[in-house]
Amino acid sequence: APRIGVLGLQGDVREHFAALAHCGAVPVTVRRAQELDSVDALVLPGGESTTISKLLEVFDLLEPLRARLRGGMPAFGSCAGMILLADEVLDTRSDAQHLSGIDMTVRRNAFGRQVDSFETDLVFAGLDEVPVRAVFIRAPLVERVGPGVEVLARIADGPFAGGIVAVRQGRVLATSFHPEVTGDLRVHEMFVDMVRAG
Ligand code: GLN
């Protein structure tokens, strides 16, 4: 079974841990470079992206993580994790670091105050028999994707209709929402399959 790290600096680490274990992976908490070296892939949880970014620097994980991503390590980021995986981030602090795992521009807290948390059903490419129930919590939106990036899901209706909320580039996957909190394991299964396919 693949050893899949969950970046354990801040955020909803436990939920990802449980989801990965249910999918047959061996989850490993990653807080230091040696732990990162020991895993086949990494999940970046939801939480607060500027805090996680700061802690990546404090724990000397920023450069090792960038190096693993450049080397082709599969990764999955939800919400704050998506922000961290972006090439470019709008509405963030100027000193926030990002990892450039996906050629995309992401806007933090893009849904605004009125709807800063909501749930909706999404048509998700590859999981299209049943819609994916998506929980958004002060979520980002993807505003630009590069040519190598596959859009997997968009908001269906309402003021944000068409907004991109799930993407994949190679073996790096990111969602604006939190599949780890719904009990629907299909997005994690997709990721574990991506890791196994490597
Ligand atoms: N708003 C948070 C951020 O900017 C993300 C929220 C989340 O991960 N649920 O990092």
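## Glu180 and the annotated active site

Glu180 is located in the loop that connects E12 and H6 in this predicted model. With 30 other C-beta atoms within 10 Å, Glu180 is buried. Leaving out residues up to four places away in sequence, Glu180 touches Asp12, Glu15, His16, Ala19 and Ser78.

The UniProt record, an unreviewed entry, assigns the feature "active site" to Cys79, His178 and Glu180. These positions are spread over 102 residues of sequence, yet they cluster in space, with a largest C-alpha distance of 10.8 Å.

## His178

His178 also belongs to the loop between E12 and helix H6 (186-197). It is buried, having 24 other C-beta atoms within 10 Å. Apart from neighbours within four places in sequence, the contacts of His178 are Asp12, Gly46, Ser78, Cys79, Val135 and Ile137.

## Ligand surroundings

The residues around the ligand are Gly46, Gly47, Glu48, Ser49, Cys79, Ala80, Ile83, Arg108, Asn109, Ile137 and Arg138. By class, this shell consists of 4 nonpolar, 4 polar and 3 charged residues. Cys79, one of the annotated positions, is among the residues surrounding the ligand.

Strand E11 (residues 164-169) is largely enclosed by the rest of the structure, because 5 of its 6 residues are buried. E11 runs antiparallel to strand E10 (residues 150-154), to which 4 bridges join it; here Glu150 has Arg168 as its bridge partner.

E11 is likewise joined by 4 bridges to strand E12 (residues 172-175), in antiparallel orientation, and Val167 is partnered with Ala174. The hairpin of E11 and E12 has 2 residues between the strands, and in it Gly170 adopts a positive phi near 60 degrees.

Terms used
Residues numbered from 1 in each chain as written. Predicted model: local features only at pLDDT ≥ 70, side-chain atom pairs only at ≥ 80, totals over all residues. Near = placed C-beta within 6 Å. Nonpolar A, V, L, I, M, F, W, Y, C, P; charged D, E, K, R; others polar. Buried ≥ 20, exposed ≤ 12 C-beta atoms within 10 Å, placed from the backbone. Pairing = 2+ DSSP bridges. UniProt positions renumbered as here; feature names shortened; annotations may be inferred. Contact = placed C-beta atoms within 7 Å.
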